[in-house]
Amino acid sequence: MADDPITTDVLVIGSGIAGLAAALAAAREGDDVTLATKATRPEGSSSWWAQGGIAISRDTPEEFKEDIMAASDGTADSDAVDVLVESANEAVEDVLLETLDIGFDQNGSGHDFTREAAHSEDRILHVDASTGKHIHVPFLNYIDDHDGVEILDDTAALELIRHEGRVHGAMLESDGEVDPYFAGSVVLATGGIGDLYPRTTNPDNTTGDGIGMAALAGAEVEDMEYVQFHPTACTIDGDIAFLVSEAVRGEGGLLRNGDGERFMPDYHADAELAPRDVVARAVKAERDATGEVTLDVSPLDFEEEFPNLAERCTEHGVDWTDGIPVAPAEHFLCGGISVDDRGRTTLDRLYAVGECSRTGVHGANRLASTSLLEGLVWGLRAGEDAAGAEPEPIEAPELLERDPDLSERFARDKFQRLTRVMDENVGVERDPADLQRAMAVLRRLKGEVDAYVRTRTSRSLYELRHASVTALLIARHAAENEESVGTHNLVDASEEPPESTAD
């Protein structure tokens, strides 16, 4: 081993709210923290893009828990939900209000709490409909100024360094150079899987890195089939332009099909405020049947209540007074790397927090505005638990560069193949036969990528590797789960209605 290996007490990989919370908690314990992020600050983090807000328990934690359980179709882990609702108020007060002084919207009597789909009461703190960036930017700046934390921008984790069930660090790439970073503990906070689908609300470079690395290292994953699609992403010429917050429906926005008819009351008693999986399937069905779906914002003072969204409509040439054209888009992975109530994975000294983790809070479907809260709560708990371990450098894996560089098109072409398979076979609705076909294609793709990784090292190639592993896990878990529940909706495409004989 080379002299003077690079060491840190805690290595956090990812710079969303979960990674920042983990870094903060570990630094508060007196540990030296290195935070590595692929993002170029700040827009590269999913937390920056979060619109709706952050839910808290207020004075009714039991009601909050009931809403989470109901939205999950009864599949959420009750103990994990207890941790979330019992920690919510204190975590938000400590970090977001006292430490960061976030300026949540106010009304005449205090915080202006709002409501989103499947919530039984107003409990969501927000800043207009762009809460994420108003939390993320000051949080990132605070961590950047912290003496105990070093942030490595534009830095990708390629592979975990592990031996006999323990993780010792990670191989990090920056500007084409790859170095081993050894740590007492490693916290994965790598975010979502948006790049696995052609239409997503996630930022670029959400390639499932943490899940892929953890699975390849032998960590357990759970609930990978539960991929949540947001029902109201604004579409222009078939492409996703931007997310339209669920808070718009919470304030009275109505969904109408291509015939101008309001349809959600036909699908669920809560109409537009039904759980996300129900609304996403309804929007897809109405688009298929009538050609389009629009979000009618005429029942509310849209420009006054949601100025940022009104501005985005104008920027994209959307006349919101005629309704905002919407469609489902991949939004959030409810499953991920299996963790306990402290973010500990099944591998020693490896933690996972945020969207790449499976805490059990979401079950088969996530309740709106709980992702920022989950990232904050588990980030704090994991960071505190991860502190205090000494780094122990070991022999790092040798990442080879024996063959000429691949063409720039290789990873891009393979990624297009992957996203096409996921879109056609592992989307809002899933046919068991299609899932089997998807697995076959994804296995071949993973095999091709593995062969290239043995002799070549590049960020794009490793991102493709992580994405292919994660996509295969999603398809496999979906194929193994024969019960339609929450975001996992099985259909039989072979059972088609008879063709009409009318002229």
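Helices here are DSSP runs of H or I with at least four residues, strands are runs of E with at least two, and both are numbered from the N terminus. The model shown in every view is predicted.

**Figure 1. Domain 2 and domain 3 in the predicted model.** The protein is divided into domain 1 (7-225 + 334-386), domain 2 (231-329) and domain 3 (408-480). Taken over C-alpha atoms, the centres of domain 2 and domain 3 are 31 Å apart.

**Figure 2. The second largest pocket, with a volume of about 400 Å³.** Its lining consists of 20 residues, and those closest to the centre are Arg 199, Lys 284, Pro 328, Asp 423 and Val 428. At least two lining residues come from each of strand S12 (227-236), helix H8, strand S16 (324-333) and helix H12 (408-425). Sorted by class, the lining has eight nonpolar, four polar and eight charged residues. The pocket lies between domain 2 (231-329) and domain 3 (408-480), because both give residues to its lining.

**Figure 3. Helix H1 (residues 17-28) and the glycine that follows.** The helix has 12 residues, and its first and last C-alpha atoms are 16 Å apart, close to the 16 Å expected at 1.5 Å a residue. Of the 12 residues of H1, 11 are buried, so the helix is largely enclosed by the rest of the structure. The buried residues run from Ile 17 through Ala 18, Gly 19, Leu 20, Ala 21, Ala 22, Ala 23, Leu 24, Ala 25 and Ala 26 to Ala 27. After H1 comes Gly 30, with a positive phi near 95 degrees.

**Figure 4. Helix H13 (residues 432-453) and its buried face.** With 22 residues at 1.5 Å each, H13 should span 32 Å, and the 31 Å between its end C-alpha atoms agrees with this. Its buried residues are Asp 434, Leu 435, Ala 438, Met 439, Leu 442, Leu 445, Val 449, Asp 450 and Val 453. Viewed down the helix axis, the buried residues of H13 fall within an arc of 140 degrees, so they line one face. An α-helix has 3.6 residues a turn, so residues three or four places apart point the same way.

**Figure 5. Helix H14 (residues 459-480).** Helix H14 has 22 residues and reaches 32 Å from its first C-alpha to its last, close to the expected 32 Å at 1.5 Å a residue. Burial applies to 18 of the 22 residues of H14, so this helix is largely enclosed by the rest of the structure.

Figure 6. Most residues other than glycine have a negative phi. With a relative accessible area of 9%, Ala 271 is buried, because the cut-off for buried is under 20%.

**Figure 7. Phe 302 in helix H9 (residues 302-305).** Phe 302 counts as buried because its relative accessibility is 1%. Phe 64 is 238 residues away along the chain, and the C-alpha atoms of Phe 302 and Phe 64 are separated by 27 Å.

Technical notes. Residues numbered from 1 in each chain as written. Predicted model: local features only at pLDDT ≥ 70, side-chain atom pairs only at ≥ 80, totals over all residues. Heavy atoms only, no water. Buried < 20%, exposed > 50% of the residue type's maximum accessible area, 1.4 Å probe, protein only. 1 Å grid on protein atoms, 1.4 Å probe; cavity = no way out; pocket = protein on both sides within 12 Å on 5 of 7 lines; lining within 4 Å. Points joined across faces, edges and corners; volume = space filled by probe spheres on them. Nonpolar A, V, L, I, M, F, W, Y, C, P; charged D, E, K, R; others polar. Domains from an automatic or database assignment. Expected span 1.5 Å × (residues − 1). Arc of directions from axis to C-beta.
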